[in-house]
Amino acid sequence: MVTVSMEIQLALAGLLFLTGLVGLLVRRNIIFMLMSIEIMLNSAGLAFVIAGSHWMQADGQVMFIFILTVSAAEVSVGLALILQMFHHYRTLDADALNRLLDKKKMEN
Amino acid sequence: MNTIFFIAAFVAFISSVMAISNRNAIHALLYLILSLLSISVIFYISGAPFIAALEVIVYAGAIMVLFIFVVMMLNIGNAKELEKKWLHRSMWIIPVLLAMVLMAVFIYALNGSVQSRTDTEVIGPKQVGVSLFTTYLIGVEIAAILLLAGIVGAYHLGRQKKKVIHRFMNQGKKPAGKILTNADV
Amino acid sequence: MNDLIFLIPAFPLTGFLVMALAGRYMSRSLVSWIAVGSVTLSAVITIMAGIPFLRGPNSTAITSLIYTWIDTGGFKADIALHMDALSFVFCFVITFVGALIHLYSVEFMKDDEGFARFFTYMNLFVASMLILVLADNLLLLYLGWEGVGLCSYLLIGFWYRDPGNGYAARKAFIVTRIGDTFMIIGLFLLYISFNTLHIDQILRMAPADWEPGSVKAVAAAILLLGGALGKSAQLPMQTWLPDAMAGPSPVSALIHAATMVTAGVYLIARMHTIFTLAPVVQTAVAMIGAATLLIAGFSAFAQHDLKRVLAYSTISQIGYMFLALGVGAWSAAIFHFMTHAFFKALLFLAAGSVILLLHEEHDMHKMGGLKNRLPVIFITFLVGGASLSALPLVTAGFYSKDQILWLTWASDTGSKWLWIAGIIGAFVTSLYTFRMIFLTFFGKVKTEPSHRPGLLMTVPLITLAVLSVVGGFVEFPGNMMPVQIFSGIITTVLPAIQIHSHDIPEWVFQVISGLMTIMGILLAWRLFYKPSPFETVFHKSRLNNFFYSGWGFDGIYDALFVNPFVWLSEINKNDFIDRFYNLLAGITRLFNSLLSYTQNGRLRWYAMGLTAGMVIILVLMMTL
C-alpha cells in the first residue's frame with residue numbers, strides 16, 4: 001500500500017492536531033470550540049491507525065473504534081450542555097461562562 | 001499510492017484550516033466533513049478499509065450531522081457581525097506561534113525514530129472484529145456503558161424545564177387559606 | 001512534724017486556687033472564711049512546728065522534700081522546705097501578722113467590688129512569701145521572690161481603673177525587676193562555682209572554696225546585695241515604695257511593711273556566709289543602710305500624705321536592719337524585723353482606718369482632733385508610734401533599735417560614724433512620728449469621721465498594739481536582765497556577733513538613744529502640738545521641697561533612664577522592624593493580586609495555559 005515513511009504520516013497527524021488546537025484557542029464561539037476538539041480527536045485516531053498499520057496489527061483500528069465511541073458520547077453530551085447554556089445565557093460566547101471568576105479581586 | 005497520500009493529506013490540512021477560520025457555522029462544518037472524508041481516504045490506503053468506512057459512517061455521517069442539527073436549532077447562522085468582532089486578525093498570532101513551536105518540537109522528536117516499512121498488508125474487518133471481541137472485550141463493555149451514560153446524560157440535559165416558582169415565593173403576597181406543608185406540595 | 005511543714009504554704013496556696021477559680025461565684029462570707037481561715041491554719045501549724053525551737057537552743061532544723069522538680073544533667077533543684085530558727089521567725093511573723101491583716105481586710109474591703117479578687121491575690125502573696133522563706137534551694141527561693149513581686153504588682157494596682165495606680169504598680173515591678181536581674185546573675189555565679197543551688201551545701205562549700213575577699217565572693221555578694229536592695233527598697237532602688245502606697249492599706253501593711261520588703265533582709269541573713277567572705281560588701285551593706293535611714297527619715301519629715309510618711313518610715317527602718325546586717329549583728333537585725341513588723345503593720349492598719357473613715361482623705365493637714373472621735377484607733381496608733389520611736393523600756397521598738405545601735409558601736413566591724421548616723425536617725429524618727437501623730441489626732445477637727453470602726457478592724461489593731469509592747473521582752477540587753485530567748489534561738493542558725501573590748505559601758509549608749517527619742521518627741525510637741533508658723537514657713541522652703549521629693553531621686557532617675565527610653569520609643573513609633581515584616585506581607589499581597597488575574601474564568605485562557613505548559617514541558621523533555 002502506501003510506502004511513505006511513518007514520520008511523515010505522523011507529522012500529518014500532528015499537524016492536524018495543532019490545527020485543532022489553534023482553532024480551540026482562537027475561537028470564542030462554543031460550537032467552534034467543540035468542532036476543534038473533534039478535529040483533535042480525529043487526528044489522534046489517525047495517529048493510532050497509522051501506527052497499527054505499521055506494526056501490522058489490528059490494535060490501532062480497535063483503538064480508533066474506541067476513540068470514535070468516546071467522541072460520539074462526548075459530542076452528544078456536549079451539545080446538550082450547549083443547548084442548556086444557550087437557554088440560560090442567551091448567547092454562545094464562551095466568555096459568558098465565567099462564574100469561577102474571583103469578582104472581588106477583579107474589582108481591586 | 002504515495003501521491004494519493006499527499007493529495008489527501010493536503011486536502012485534509014487545507015479543509016481543517018478553513019473549518020476553524022470560517023465565520024459561518026454551517027460552512028465550517030461542511031469543510032470539516034470534507035476533512036474527515038480525506039482522512040478516510042488515508043485510512044483506506046494505509047490498509048484499514050473497515051476504519052475508513054466507519055469514519056465516513058459514524059464520524060462524518062452521525063456526529064457532524066448532530067452538530068448541524070444543533071446549529072440549525074440554535075439558529076446562529078446569521079451572526080456575521082458578532083463573529084467579525086470576535087475573530088480579530090490579531091488573535092491568531094500567539095496561538096499560531098505556539099503551534100509552530102510545538103510542531104518544531106514534534107518533528108524534532110520524530111526524526112529517525114522509526115524505520116519505515118516497505119510492505120504493508122490490508123487488515124480487514126474480520127481481523128479487527130476478532131481482536132475486538134477477544135483481546136479487547138472489556139474495552140467493548142466499557143464503551144457500551146459509556147454510550148449508555150451518554151444517552152441518559154444527553155436526554156436529561158437536553159430537556160427544557162420550565163421554572164416553577166411556588167406561590168409562597170411571590171413577593172409581598174400572603175397566601176390565602178391554609179398553610180401548605182411539604183406533604184401537600 | 002516533718003510531714004506537716006508543707007501545709008504551711010499549702011493552705012494559702014489552696015485558698016488562692018479555690019478563690020481564683022470560683023471566687024466570683026462565692027458569697028462574701030465564704031470568701032472571707034476561706035482567706036482568713038487558710039492563713040490562720042498556716043499560723044497554727046507554724047506555731048506547732050516552732051515549739052521545739054522555743055524549748056531550747058539545741059533543736060535541729062526540719063527538712064521536708066515534697067517534689068523532685070528538676071533533676072537533669074547534674075543540676076538538681078527540688079521543691080523542698082527547710083525550717084530552721086530563722087525561717088521559723090519569718091514564718092511566724094508572716095502567718096500571724098498576715099492572719100490579723102486578712103481579718104482586718106474583711107471589714108476594710110467590704111464595700112469594694114473586687115472583694116474576692118483581693119483575697120485571691122493576698123493568699124497568693126502569703127503562699128509565695130512562705131515559699132520564699134521556707135525554700136531550701138535558691139531556685140525555689142527565687143520562685144517565691146518572683147511570686148511576691150507579682151502579687152505586689154497586682155495588689156498595688158488593685159484599683160486598676162485609675163491609671164495612676166497602674167503606673168505606681170509598674171514602677172514597683174520594674175525597679176524590683178532590676179534588683180531581681182542582679183540576683184539571678186548572682187545565682188548563676190553561685191551555680192557555676194559550686195554546681196548546686198542548695199543553700200546548705202553552698203554555705204558549707206563557700207568558706208572552703210573561696211578566700212575571704214576573693215573576687216568571686218565579692219562578685220556573688222554584690223549581686224545578691226543588688227537583689228536585696230531592689231526588693232527592700234534601699235538606696236539606690238528605693239523610689240518605688242512611696243508610690244506603692246496607691247494600693248489599699250492592708251496591702252501596704254502586709255507587703256510593704258512587714259513581709260515583702262524584708263525579703264532582702266532574709267536573703268542577706270540566709271546567705272550570711274557569702275557576705276562574711278566579702279567584708280568589703282558587708283561594710284557596703286552597713287553604709288547603704290545608714291545612708292538610707294537618714295535620707296528616708298528626712299524625707300518622711302516633709303510629707304503630708306499620711307501613708308507616705310509611713311512608707312518613708314519603712315524604708316528608714318529597713319535601713320536599720322541593713323545597718324545591723326552590715327556590722328554583723330545578725331540576730332539584732334532579725335529581732336528588729338520582728339518588732340518592726342508588729343508596729344509598722346499596726347501603724348498602716350490604723351492609718352488605713354483613719355483614711356477610710358475620713359472618706360479617703362490622705363492629707364494630714366486636713367485631719368485633726370481625731371483622738372476624741374476615734375479613741376481606739378488613737379490609742380493603738382500612739383502605741384505603734386511610740387514603738388517606732390523606740391520609747392525607752394516600755395516598747396518593743398526600744399529593745400530592738402537600741403540593740404542595733406549598741407552593736408553598731410561595739411562590733412568588730414562597726415564604726416562610730418555609723419553609730420552617729422543611727423543616733424541622728426533615731427532622733428529624726430521620733431520627730432516625724434510624733435509630727436504625724438500630733439497633726440492627725442490633736443488640734444481642731446477638720447474632717448469628721450463617718451462612723452466608728454467595727455470589731456473586725458479593732459481586734460487586729462489591739463492585738464498588734466499588745467505585741468508592739470510585749471514583743472520586745474523576749475530579748476533584753478545584757479546589762480538589764482539575763483533574758484535572751486530570741487538570740488538564743490537565732491544563733492543556732494546565724495553566727496553570734498563579735499564584740500571588741502570597749503571602755504565605754506553599754507548603759508551610756510542606752511541613755512543616749514533614749515534621750516534622742518525623748519528630745520524628738522519634745523521638739524515635735526513644741527512645733528506641732530499647737531498650730532505654729534513653723535509648718536507654714538517650712539512648707540515653702542526649698543529644703544522642704546528637696547525632702548518632699550525624696551532627695552530628688554525620682555527626678556534623677558527620670559532624667560537618666562526614663563526620658564531617654566521614652567525618647568527612643570518615640571523615634572521608633574513606626575517600629576521599623578515591624579515595617580520590614582509588613583513589607584514582606586505587602587509583597588506577597590502584591591503577587592497575589594497580580595496572579596489572581598490569571599483566574600479570570602475564561603475557558604480559552606485556561607486552554608492557552610495548557611498549551612503553553614505543554615510546549616514548555618515538551619521542549620524541556622526534548623532538550624534535556
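Which residues in helix 6 of chain C meet which residues in helix 7 of chain C? The legends below begin with that contact. This is a predicted model, in which local features need pLDDT of at least 70, side-chain atom pairs count only at pLDDT 80 or more, and totals for chains, interfaces and linings use all residues. Residues are numbered from 1 along each chain as its sequence is written, while chains are lettered from A and ligands numbered from 1 in the order in which they are written.

**View 1. Helix 6 and helix 7 of chain C.** Leu190(C), Ser193(C) and Phe194(C) in helix 6 meet Gln201(C), Ile202(C), Met205(C) and Asp209(C) in helix 7; two residues are in contact if their C-beta atoms, placed from the backbone, lie within 7 Å. By class, this contact of helix 6 with helix 7 has four nonpolar, two polar and one charged residues. Here Ala, Val, Leu, Ile, Met, Phe, Trp, Tyr, Cys and Pro count as nonpolar, Asp, Glu, Lys and Arg as charged, and the others, Gly among them, as polar. Helix 6 (residues 163-194) and helix 7 (residues 199-209) of chain C pack at about 70°, with their axes 11 Å apart. Axes are lines fitted to C-alpha atoms, for helices over the stretch in contact, and angles run from 0 to 180 degrees between N-to-C directions. The two helices of chain C are therefore roughly perpendicular to each other; angles under 35 degrees count as roughly parallel, over 145 as roughly antiparallel, 65 to 115 as roughly perpendicular and the rest as oblique.

**View 2. Helix 18 and helix 22 of chain C.** The axes of helix 18 (residues 396-410) and helix 22 (residues 506-528) of chain C come within 10 Å and cross at roughly 130°. That angle makes helix 18 of chain C oblique to helix 22 of chain C. Asp402(C), Leu405(C), Trp406(C) and Trp409(C) in helix 18 meet Glu506(C), Phe509(C), Gln510(C) and Ser513(C) in helix 22. By class, the contact of helix 18 with helix 22 has four nonpolar, two polar and two charged residues.

**View 3. Nonpolar cores.** A nonpolar core is a set of buried Ala, Val, Leu, Ile, Met, Phe, Trp, Tyr and Cys residues joined through C-beta atoms within 7 Å. A residue is buried if 20 or more other C-beta atoms lie within 10 Å of its own, exposed if 12 or fewer, and partly exposed in between, with C-beta atoms placed from the backbone. Of the 213 residues in the largest nonpolar core, Ala324(C), Ala333(C) and Ala345(C) touch the most other members. Helix 15 (residues 330-357) of chain C gives the most to this core, with 20 residues. A second, separate core of 65 residues includes Phe32(A), Phe43(B), Val70(B) and Val105(B).

**View 4. Glu107(C) in helix 3 of chain C.** Glu107(C) is placed in helix 3 (residues 85-108) of chain C. Helices (H or I, at least four residues) and strands (E, at least two) are DSSP runs, numbered from the N terminus. With 19 C-beta neighbours inside 10 Å, Glu107(C) counts as partly exposed. Leaving aside neighbours within four places in sequence, Glu107(C) is in contact with Gly454(C), Leu456(C) and Met457(C).

**View 5. Chain C beside chain B.** Six residues of chain C are in contact with six residues of chain B. The side of chain C that touches chain B has five nonpolar, one polar and no charged residues.
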